[in-house]
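Q: Could you walk me through the side-chain interactions in this one, with the cut-offs spelled out as we go?

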Amino acid sequence: MASLLSCPHCGTRPREEFTVRGDATLIRPAADAPQSEWEAYVFLRDNPRGWHKEHWHHTGGCRRWLVVERHTVSHAIRSVVDAGMRA
């Protein structure tokens with residue numbers, strides 16, 4: 001059975017059309033932030049267990065950035081929204 005993802009623009013599509021960028025909850029430091037803050041932003045990542053929001057790019061479709069809420073253990077998808085539409 002194929003693994004599918006529901007794109008808000010293109011409908012249900014195979015996951016192979018998407019590219020995962022990573023954590024959608026990171027906040028970019030200010031340009032004049034201390035080096036330690038930038039090092040933490042670039043190199044340090046949590047490895048959460050459970051529901052997690054990630055940036056996914058619909059590379060093989062509409063080429064939009066999406067925020068996908070995925071369970072890191074079961075890989076179940078709870079929600080998919082356009083990254084430009086979230087508050």
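Predicted model: local features only at pLDDT ≥ 70, side-chain atom pairs only at ≥ 80, totals over all residues.

Q: OK, how many aromatic pairs does the structure hold?

A: There are two, where rings of Phe, Tyr and Trp (its six-membered ring) pair if their centres lie within 6.5 Å, and planes under 30 degrees apart count as stacked, over 60 as edge-to-face and the rest as tilted. One of them joins Trp38 and Tyr41, whose ring centres are 5.7 Å apart with planes at 90°, so this pair is edge-to-face.

Q: And where do Trp38 and Tyr41 sit along the helix?

A: Both belong to helix 1 (residues 35-43), and because they are three residues apart there, about one helical turn separates them.

Q: Is Tyr41 buried or exposed?

A: Tyr41 is buried at 17% relative accessibility, whereas Trp38 is partly exposed at 22%; buried means under 20% relative accessible area, exposed over 50% and partly exposed in between, with a 1.4 Å probe and protein chains only.

Q: What is Phe18 in contact with, leaving aside neighbours within four places in sequence?

A: Taking contact as heavy atoms within 4.5 Å, Phe18 meets Leu5, Cys7, Arg13, Trp56, His57, His58, Thr59 and Leu66.

Q: Now the charges: how many salt bridges does the count come to?

A: The count is four, a salt bridge being a side-chain nitrogen of Lys or Arg within 4 Å of a carboxyl oxygen of Asp or Glu. Among them is Glu54 with Arg70, whose closest N and O atoms are 2.7 Å apart. That pair links distant parts of the chain, with Glu54 in strand 4 (residues 51-57) and Arg70 in strand 5, 16 residues apart, and both residues are buried.

Q: Which residue forms a salt bridge with Arg13?

A: Arg13 pairs with Glu17, with 2.8 Å between the closest N and O atoms; Arg13 is partly exposed at 30% relative accessible area, while Glu17 is buried at 16%.

Q: What about Arg78, which ring does it lie over?

A: Arg78 lies over the face of Trp51, 4.2 Å from the ring centre, where the rule asks for NZ of Lys or CZ of Arg within 6 Å of the ring centre and within 35 degrees of the ring normal. Arg78 also forms a salt bridge with Glu69, the closest N and O atoms being 2.8 Å apart. Arg78 is partly exposed at 49% relative accessible area, and Glu69 is buried at 15%.

Q: Last one, where does Arg63 lie?

A: Arg63 lies in the loop between strand 4 and strand 5, has a positive phi near 65° although it is a residue other than glycine, and is exposed at 53% relative accessible area.

Key: Residues numbered from 1 in each chain as written. Heavy atoms only, no water. Helix = DSSP H or I, 4+ residues; strand = E, 2+ residues; numbered from the N terminus.
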